[in-house]
Amino acid sequence: MKQDILVKAVDVTKNYGDFRALDKVSLEVMRGEVNCIIGPSGSGKSTFLRCINLLERMDGGAIWVNDELVGYRREGNNLHQISDADISRQRRRIGMVFQRFNLFPHKTALENIIEGPVHVLGQSVEQARERASLLLERVGLAAKANHYPAELSGGQQQRVAIARAMGMQPDLILFDEPTSALDPELVSEVLDVMKDLAASGMTMIVVTHELGFARNVANTVTFMEAGKVVETGLASEVLSAPKSARTAEFIKAVHS
Ligand SMILES: Nc1ncnc2c1ncn2[C@@H]1O[C@H](COP(=O)(O)OP(=O)(O)OP(=O)(O)O)[C@@H](O)[C@H]1O
Ligand SMILES: [Mg+2]
């Protein structure tokens, strides 16, 4: 594999019973790249993210992250499912930020961030606290370190969730509609944090309906429909001069 490809998906297929949610999805994301996935509801965007971080098992195809096959190991010509321990090891290299912030409600912002570094990465509590404080500062929430999620706005909770993902020092962060549960006036504070993260060189795959963010921050945009990648390419080209009529129609509908 080429050195600078971080995520490579080839012909990923996922069925729910008779229903094909992903139909031979192929995508490459370079190291340090921001890829935005857009598409109508039910097109398979979340399912694809869930296959990348092993929340779903794919039925066909393969995904590599950092040159490592996700979920399987190869022996000769055969693929074998990897153990639960190996699944956890692979998953911890991949951050995930969901639409609903999924913070631990009984832990403060700081405690939410240090949980993984202490219990999964084995950092000392002092070291993890120090790093968490820096991360909170970076997402503009230094003053909220000791607040519980219920004491934070949706936008603040989502920024803590992003800091928590960063605390695990992942190779890649997946975002699944990170702003779509937020009140409109809170969207930009979360997008600003994501923009800063992108500028720092983090590789990001972002499912979003925020086409302004896609236009300003994404390197590449992928349009999915009915479980298929219809079109993928440079953000400026896909958003401004899409090749597919379906992509053009979707972009027009989101804008209006
Ligand atoms: N656990 C499941 N069991 C059965 N069908 C499922 C399951 N999860 C997803 N699906 C179906 O797979 C298709 C793709 O779902 P997915 O959640 O990936 O879409 P999406 O593009 O993320 O949509 P949205 O924009 O609404 O979040 C949908 O038709 C959905 O109903
Ligand atoms: Mg979804």
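**Pocket, burial and core**

Helix α3 contributes the most residues to the lining of the largest pocket, namely four; helices (H or I, at least four residues) and strands (E, at least two) are DSSP runs numbered from the N terminus. This is a predicted model, in which local features need pLDDT of at least 70, side-chain atom pairs count only at pLDDT 80 or more, and totals for chains, interfaces and linings use all residues. Residues are numbered from 1 along each chain as its sequence is written, chains are lettered from A and ligands numbered from 1 in the order in which they are written, and side-chain values use heavy atoms, without hydrogens and water.

Q: What makes a set of points a pocket, and which residues lie nearest the centre of the largest pocket?
A: On a 1 Å grid over the protein atoms alone, a pocket is an open set of points with protein on both sides within 12 Å along at least five of seven lines, whereas a cavity is a set where a 1.4 Å probe fits but cannot get out. Lining residues have an atom within 4 Å of a point. The largest pocket has 19 of them, with R91, R92, I94, M96 and M168 nearest its centre. Besides α3 (109-119), the elements giving two or more residues to this lining are α2 (84-91), β8 (94-97) and α5 (154-167).

Q: Why does N53 count as buried?
A: Buried means under 20% relative accessible area, exposed over 50%, and partly exposed in between (1.4 Å probe, protein chains only). N53 has 3% relative accessibility, and therefore counts as buried. N53 is placed in the loop between α1 (45-52) and β4 (60-65). Not counting residues up to four places away in sequence, N53 touches R91, I94, M96 and L174, where contact means heavy atoms within 4.5 Å.

Q: What makes a set of residues a nonpolar core, and how many residues has the largest one?
A: A nonpolar core is a set of buried Ala, Val, Leu, Ile, Met, Phe, Trp, Tyr and Cys residues joined through side-chain atoms within 4.5 Å. The largest has 51 residues, and those with the most contacts inside it are I162, F175, M194, M204 and V221. Helix α6 (residues 184-199) supplies the largest share of this core, eight residues.
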